[in-house]
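Reader: I have a structure to study and I am new to this. Can we go through how to read strands and helices?

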Amino acid sequence: MSNRKLRMGMIGGGKDAFIGAIHRIAANMDGQIELVCGALSMHADIAQESGRILFLDQDRVYNTYDEMFKAEAQRPADERMDFVTIVTPNFAHFAPAMQALENGFNVVIEKPITFTLEEAQQLKAKVEETGLMLLLTHTYAGYPMVKEARELIKSGALGKVRKIYVEYLQGWLSRLSEREGNAQASWRTDPSKSGKAGAMGDIGTHAAHLAEYISGQKISELSASLNIVVDGRMLDDDGAVLLRFDGGATGTLIASQVAAGSENALTIRVFGENGGLEWHQMEPNTLIVRWLDKPAEILRAGTANLSSAASSNCRTPGGHPEGYLEAFGNLYRNFALALSAKIEGREIPEWIDFPSVDDGIRGMAFINNVVASNASDEKWTKYTI
């Protein structure tokens, strides 16, 4: 174990910012990380007020990330931040991430990783050049029962995987909320800030990552149909994708933000030769395993007989919820353990994993390929990166 906390900076995530607060809670959960500095808003008054609210030292509350990187890089090694968390809208991911790496700082970044695939590829090259670490916060990979599902498939218990069905349904954009003062809706539905995809970029990428993470197979071809359901919207708010995987499985992905009444209904079902499994994000402690020739099993977080990957990411005894914040906390803890081990020259424990720049590239490729498929007359689009 490290003999000190890791020092974290933050770009974006000032007062009233939803995801910034989530990151700070998650980073603080295990007592391994402390927030020491930040460029918390593009507006200087909000940046300064946010720093005061978070009890940061006044001289480490910066008005721009450029100012922050220059000042932090000049601090003594035992004071400067170890990594920076970037929680800005999509269009403002790449520049600060590149500058962080160029200044010797590790990176935690929201998904999708960048605005374009080309930017993601440049970021990967910089990560490899510098040897620094990058965590991409695909939150759902942090749930213990998602890890149990992955280990069950890796063990071969279900046999060869044949079918993968994943869907992510939300209803919060069922009206034209971007014209009603909803700041989250405003930037997420604006192609100049969000990118070339709406629902597919925002939540479809989560579904695609989960399908690949659990199944161990990569999407190789797809056939997509994107819809703008709410009149006046600029980006897709609904869509469906037929999938082919490199391990022979086929399946479907559905992502919608106009499924009125739905909250964060992310569900995945994977079927092999001998049986299948099912996991629901809104019932995260439970993994249902159905067998071809014997009764179904209900596996629960926090109980005996789970894989080490799952049990190592459980935080509470059975029956206590292992929810969204805990999954987020698992990503930060695993990143912190790996980074501390690297700093101190120790081996990284085998059970530690977290989404990386490679997952970010696949997410951007998913967006590109889905948009291209939707615009094409061809039935299938080869999945290209």
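Reader: In which sense do β1 and strand β2 pair, and over how many bridges?

Author: Keep in mind that this is a predicted model. Strands of a sheet pair through backbone hydrogen bonds, either parallel or antiparallel. Here β1 (residues 6-11) and β2 (residues 33-39) pair in the parallel sense, over six bridges. Take Ile11: its bridge partner in β2 is Ala39.

Reader: Are the two faces of β1 covered or open?

Author: Both are covered. Leu6, Met8 and Met10 are buried on one side. Arg7, Gly9 and Ile11 are buried on the other.

Reader: What is the strand order in the open sheet of nine strands?

Author: The order is β13-β12-β11-β10-β6-β9-β8-β7-β14, and the pairing is mixed. β13 and β14 each have a single partner strand, so one side of each lacks a neighbour in the sheet. β10 and β11 pair in the antiparallel sense over five bridges. There, Arg269 stands opposite Glu278 of β11. Helix α12 packs on this sheet and touches β7, β8, β9 and β14.

Reader: How do helices α5 and α12 pack, at what angle and how far apart?

Author: Two packed helices are described by the angle between their axes and the distance between the axes. For α5 (residues 117-130) and α12 (residues 357-375), the angle is about 165° and the axes are 9 Å apart. The two are therefore roughly antiparallel. α5 passes α12 in a left-handed crossing.

Reader: Which residues make the contact?

Author: On α5, they include Leu117, Ala120 and Leu123. On α12, Ile361, Met364 and Ala365 are among them. By class, the contact has seven nonpolar, two polar and two charged residues.

Methods
Residues numbered from 1 in each chain as written. Predicted model: local features only at pLDDT ≥ 70, side-chain atom pairs only at ≥ 80, totals over all residues. Heavy atoms only, no water. Axes fitted to C-alpha atoms, helices over the stretch in contact; angles between N-to-C directions. Helix = DSSP H or I, 4+ residues; strand = E, 2+ residues; numbered from the N terminus. Parallel < 35°, antiparallel > 145°, perpendicular 65-115°, else oblique. Left-handed = near helix turned anticlockwise from the far one by under 90°. Contact = heavy atoms within 4.5 Å. Nonpolar A, V, L, I, M, F, W, Y, C, P; charged D, E, K, R; others polar. Buried < 20%, exposed > 50% of the residue type's maximum accessible area, 1.4 Å probe, protein only. Pairing = 2+ DSSP bridges.
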